[in-house]
Every structure is written in C-alpha cells, then in structure tokens.
Amino acid sequence: MIRVFEDLPVDAGFTCKPLDGKVYRAGLLERFPVVRLSLVHGNAIAVIRGLDGSGAAPFRADLDEDFLDVYDADGAVTDLTDVYLTTTHGDCIPIWAYDPVKGAAGLAHAGWRGTLKGVAGSLIRTMRSAYGSDPEDIRAVIGPGIGACCFEVGFDVADAFTDKYPWAEEYVSAHPGARPHLDLKGVNAELLRLEGVTQIEISAHCTCCEPDMFWSHRRSADKTRMLAFIKKGKE
Ligand SMILES: [Zn+2]
C-alpha cells in the first residue's frame with residue numbers, strides 16, 4: 001500500500017500487490033460508503049453531494065448496496081466526510097487532490113485519452129466551482145502509473161498531444177528507429193500547474209517496470225487492478 005497525504009485529515013492511498021484493488025474496495029465498503037466511477041477515458045468530474053442516486057446529478061448514478069456507481073465520469077470531488085472516492089488502475093495515472101482550507105477532496109483517473117482531454121484541469125476547475133477552492137491551497141499527488149520509461153505510443157498519439165499542447169513536446173521523447181515515449185505524469189503535472197496548482201508531488205513508481213509491486217495492463221495484460229482512494233476524515 002502506498003499512502004497519500006499522510007499528514008492531512010484524509011485516508012488516501014494506492015493498493016499494491018498482492019492486493020486486488022476491487023477486493024480491497026469491497027472491504028472499504030464494510031466501513032464506509034464508496035463511490036465507484038465508471039471510467040470512460042473522458043474529462044468529466046462528478047460532484048458528490050449526497051449518497052442517494054441523485055447525489056451526483058447531473059451524472060447518472062445508481063446505488064448498489066452501499067456503492068454509489070457514477071457513470072460517465074473519470075473523476076469526482078466531495079466535501080462529504082467518511083465517503084470513499086475510488087478509481088481503478090491498470091497503468092493509468094491516478095491524481096489525488098485535497099484542499100485543506102475548504103475541506104474538499106478529489107480523485108481522477110488519467111490514461112492518455114483522459115490526459116489529452118484535460119481531465120487534470122477539469123478536476124481543479126471543479127474544485128474551484130463547487131467549493132471555491134484556491135488552486136494555491138490544493139495539494140496534488142500524481143501517480144503511481146506507467147512511466148515515460150515504458151509508455152511507448154504511436155506517432156499519432158504523440159502528435160495529438162503536441163498539436164493540442166505545444167508545450168507537451170517536452171514530455172515526448174524520441175527514440176530513433178522506434179516509437180516515441182510519452183511522459184503522462186509530466187503532462188498531467190503541467191496541466192495542474194496551468195490551473196494554478198503549485199503543490200504537486202509526482203510518484204516515481206512505474207506500474208509497468210515494477211512487477212513485484214504492481215499489476216500492469218501494458219506489461220502483461222493483467223486483469224487485476226490497483227485501487228486509488230481518498231476519504232475525507234481519518235479512520
Ligand atoms: Zn517503466
């Protein structure tokens with residue numbers, strides 16, 4: 001288990017082997033309600049205002065026991081205490097955010113598609129609009145997730161990034177005679193900085209080249225997932 005924001009009044013982290021993230025999530029549910037996001041590689045962030053089916057409106061949400069399933073979102077924010085926000089990861093990048101001034105927690109899932117669509121920026125803008133967060137107060141953590149060491153992409157993907165974000169050139173590394181590598185964590189950090197976030201920590205862990213610690217879709221088509229979670233309120 002990798003703990004996140006240990007000095008803040010939250011329970012947040014990322015599961016590692018041998019834990020199965022979905023099994024770990026079912027265990028969380030025995031103590032507190034859990035928000036599950038459907039993860040569609042988009043940039044939509046749900047605001048969780050309550051734990052009934054309408055608590056994530058305008059997003060469609062269903063209650064399944066004490067799971068609140070929120071559809072068509074890749075991130076969520078809440079200022080509710082003792083509610084877990086969760087995302088599952090097989091190499092995609094988790095982004096945690098917490099504003100200790102407004103007491104707002106956020107979590108997002110950023111694969112390359114969501115990163116390109118700017119999910120990291122959406123997360124911060126949603127904390128501003130829903131809770132009045134000042135980006136300078138927000139603490140953010142990026143990763144563990146696939147690193148530039150392992151994230152080989154097609155030229156079309158690299159071009160899509162540099163077309164949309166000219167500064168992303170810095171996060172695309174050319175490998176002569178081979179396909180480029182993309183630094184997804186770096187792009188997400190820059191997207192946070194562009195929103196005014198200054199307190200950003202980037203995990204050095206790569207889920208693809210650390211097989212003892214992580215499951216990886218890219219490395220071995222693992223179906224098991226890691227779980228990223230955050231709950232306002234210590235246990
Ligand atoms: Zn790697």
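This is a predicted model: local features need pLDDT of at least 70, side-chain atom pairs count only at pLDDT 80 or more; totals for chains, interfaces and linings use all residues.
What percentage of the 235 residues in the protein is made up of buried residues? The value is 47%.

Let me begin with the overall fold. The protein has six helices and 15 strands. Its C-alpha atoms fill a box of roughly 55 × 35 × 35 Å along the principal axes. For 235 residues, a compact globule would have a radius of gyration near 18 Å, and the 17 Å found for the protein agrees with that. As for contacts with a separation of 6 or more, 73% of them join residues 24 or more positions apart.

I turn now to helix H3, residues 119–131. How far apart are the end C-alpha atoms of H3? They are 18 Å apart, and because 13 residues at 1.5 Å a residue should span 18 Å, the two values agree. Directly after the helix comes glycine 132, which has a positive phi near 70°.

Which residues of H3 are buried? They are Val119, Ala120, Ser122, Leu123, Ile124, Thr126 and Met127.

Two packed helices are described by the angle between their axes and the distance between the axes. For H3 and H5, the axes come within 8 Å and cross at roughly 35°. This crossing is right-handed. On the H3 side, the residues that meet H5 are Ala120, Gly121 and Ile124; on the H5 side, they are Asn188, Leu191, Leu192 and Leu194.

Next, some backbone features in the loops. Where are the cis peptide bonds that I wish to show? One runs from lysine 17 to proline 18, with omega near 5°, and proline 18 sits in the loop between strand S2 (10–14) and helix H1 (21–28). Another runs from glycine 143 to proline 144, with omega near 20°. Proline 144 belongs to the loop between strand S11 (139–142) and helix H4 (155–164).

Two residues have a positive phi although neither is a glycine: phenylalanine 5, at about 55°, and alanine 221, at about 50°. Phenylalanine 5 lies in the loop between strand S1 (2–4) and S2, whereas alanine 221 lies in the loop between helix H6 (217–220) and strand S15 (226–232). Is phenylalanine 5 buried or exposed? It counts as buried, because it has 20 C-beta neighbours inside 10 Å and the cut-off is 20 or more. Alanine 221 has 9 such neighbours and therefore counts as exposed, the limit there being 12 or fewer.

Finally, glycine 147 is found in the loop between S11 and H4. With 24 other C-beta atoms within 10 Å, glycine 147 is buried. Beyond its neighbours within four places in sequence, glycine 147 is in contact with Lys185, Cys206 and Cys208. Its C-alpha atom is separated by 34 Å from that of proline 58, a residue 89 positions away along the chain.

Notes. Residues are numbered from 1 along each chain as its sequence is written. Helices (H or I, at least four residues) and strands (E, at least two) are DSSP runs, numbered from the N terminus. The expected span of a helix is 1.5 Å times one less than its number of residues. Axes are lines fitted to C-alpha atoms, for helices over the stretch in contact, and angles run from 0 to 180 degrees between N-to-C directions. A crossing is left-handed if the near helix is turned anticlockwise from the far one by less than a right angle, and right-handed if clockwise. Two residues are in contact if their C-beta atoms, placed from the backbone, lie within 7 Å. The radius of gyration is taken over C-alpha atoms; the globule rule is 2.2 Å times the number of residues to the power 0.38.
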